[in-house]
Amino acid sequence: MTMRLALLGACWVTFACLMLSRDMGAQSPRVAARGMDPVSAVGLQTLELSGVRSARFIAADRLLIVDRLLPSVLRVDLGTGNIERVGRTGSGPGEYRRAAHAAPLRDGRIAVVDDRSRRIVLVAANGRDHRVVPTEGEVFCCTTDGTFLELERGQPVRADSSRRRVLVRSVFDSSTRRSITLPLGVRRVAARSETDRRGFFSFEDVHAVPFVPDPSVTFGRDWFAVVSADHRAVHVFNARGDQVRTLTWPERARPIEARVRRRAVDSIASLARQQKARTALVAALDEANIPREWPVISRVVSNGRGVLLQLSSATEQHERWVRWQFAGSATPDTLSLQLSRGHTIAAASGDTLLLLTTSEDDVPALQLMRVTARSAR
């Protein structure tokens, strides 16, 4: 998985913000210059993080952050620097064992996905009105109106497909439950079982298919959006699970060089400890229909008003900068900016971006930036 993310990160990345009220891909955009200005955020300067699992804006000046090792979800006031813990570790009301994601709800509570206890914990600010929503499969959470997605259990994972049956549910109404199919699975290959040298145990050698992005879904107030299975579009759904729009972008896919694909296969195969298992893994990867083009769209992030699309550039990837494009809401202008390689957008609120940077020592840091633009026809 780490190898695949590194390969995807090597290509140029662009972002486009498409509003739900229009299909920007069907229009001819105008070019505009765009830059970014740093925003003072006292709350980010005092944070000590090990690895950001998720980040979400509550308001323009407040964030929810879930760290890999910290025991609690953090609510950060960017202006004052005040940092609060949302809930606490445990199995009681308002408690969770391991937070995977946190999102604000319309009634002021915070929905915390506890992936270790298989439940969503609704943490109340008053310390009394907590609630627990039991879950079974992997959860993607959630709109401000309480809609979340849950993978149905017991589905076989096919190597040639990322499509999975998903339940559209609500944290406010446990009887709400609708099954739809979405591309939220991870394509994997499995070679024959490998046994240790003394014959004490065996295991199935399973690996992710290289050059296939992780499933990506983002949530707005009463809608959610998912990258299509072929990574060429984004499907937008309302809170009931009805598809309401398809967003596309006229970006030409860039071929993955044969030597790069072969290097990826060889790198994965080298992880097998036995020659027989290594040969079987190479054969499984060769039959797995590894993509021959970089994904046009690999990730989506909501900025509250619309969807930010992460696009693979059609140009060569050997550059010092990462290029971002941003299509505004009022006009179909295409607005460009550049980020140093290694920066990514962790969350967004309107024109405010939360940038995540990881140092050479794998220490993460967060920085707040505001996008500024000057249109040019």
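Threonine 135 is placed in the loop that runs between strand E12 (131–134) and strand E13 (139–141). The model is a predicted one. Is threonine 135 buried or exposed? Threonine 135 has a relative accessibility of 10% and therefore counts as buried, the limit for that class being under 20%. The side chain of threonine 135 comes to 3.3 Å from the backbone nitrogen of arginine 119. When residues up to four places away in sequence are not counted, threonine 135 touches Arg118, Arg119, Ile120, Phe148, Glu150 and Arg169.

## The chain as a whole

The chain contains four helices and 29 strands. Of its 377 residues, 51% are buried. Among contacts with a separation of 6 or more, 54% are between residues 24 or more positions apart.

## The disulfide and the cis peptide bond

A disulfide is a covalent bond between the sulfur atoms of two cysteines. The structure holds one disulfide. Which residues does the disulfide join? The partners are cysteine 141 and cysteine 142, with an S to S distance of 2.5 Å. Cysteine 141 and cysteine 142 are also linked by a cis peptide bond, with omega at about -20°. Both cysteine 141 and cysteine 142 are buried. Cysteine 142 belongs to the loop between E13 and strand E14 (147–151).

## Residues with positive phi

Most residues other than glycine have a negative phi, and most peptide bonds are trans. Phenylalanine 211, although not a glycine, has a positive phi of about 70°. Phenylalanine 211 is located in the loop between strand E18 (202–208) and strand E19 (217–219). With a relative accessibility of 1%, phenylalanine 211 counts as buried.

Asparagine 289 likewise is not a glycine and has a positive phi, of about 55°. Asparagine 289 sits in the loop between H4 and strand E23 (297–302).

Leucine 184 lies in the loop between strand E16 (177–182) and strand E17 (188–195). Leucine 184 has a relative accessibility of 2% and so counts as buried. Leucine 184 and valine 227 are 43 residues apart along the chain, and their C-alpha atoms are separated by 8.8 Å.

Arginine 75 forms part of strand E5 (residues 73–77). What is the relative accessible area of arginine 75? The value is 17%, and arginine 75 is therefore buried, given that the class covers values under 20%. Apart from neighbours within four places in sequence, arginine 75 is in contact with Ile58, Leu63, Leu64, Asn82, Ile83, Glu84, Val86 and Ile110.

Valine 265 is a residue of helix H3. Valine 265 is buried, with a relative accessible area of 2%. Valine 265 touches Val282, Leu285, Asp286 and Ile290, with residues up to four places away in sequence left out. The C-alpha atoms of valine 265 and leucine 281 are separated by 8.8 Å, although the two residues are 16 residues apart along the chain.

The accessibility values given above for individual residues are collected here.

| Residue | Relative accessible area | Class |
|---|---|---|
| Threonine 135 | 10% | buried |
| Phenylalanine 211 | 1% | buried |
| Leucine 184 | 2% | buried |
| Arginine 75 | 17% | buried |
| Valine 265 | 2% | buried |

## Helices H3 and H4

How do the axes of the two helices cross? The axes of helix H3 (residues 258–269) and helix H4 (residues 275–286) come within 9 Å and cross at roughly 145°. The crossing of H3 past H4 is right-handed. On the H3 side the contact is made by Arg262, Val265, Ile268 and Ala269, and on the H4 side by Arg278, Leu281, Val282, Leu285 and Asp286. Sorted by class, the contact between H3 and H4 comprises six nonpolar and three charged residues, with no polar ones. Valine 265, described above as buried, is one of the H3 residues in this contact.

Technical notes
Residues numbered from 1 in each chain as written. Predicted model: local features only at pLDDT ≥ 70, side-chain atom pairs only at ≥ 80, totals over all residues. Heavy atoms only, no water. Buried < 20%, exposed > 50% of the residue type's maximum accessible area, 1.4 Å probe, protein only. Polar contact = N/O pair within 3.5 Å; in protein donor to acceptor, adjacent residues only side chain to side chain. Contact = heavy atoms within 4.5 Å. Axes fitted to C-alpha atoms, helices over the stretch in contact; angles between N-to-C directions. Left-handed = near helix turned anticlockwise from the far one by under 90°. Nonpolar A, V, L, I, M, F, W, Y, C, P; charged D, E, K, R; others polar. Disulfide = S-S within 2.5 Å.
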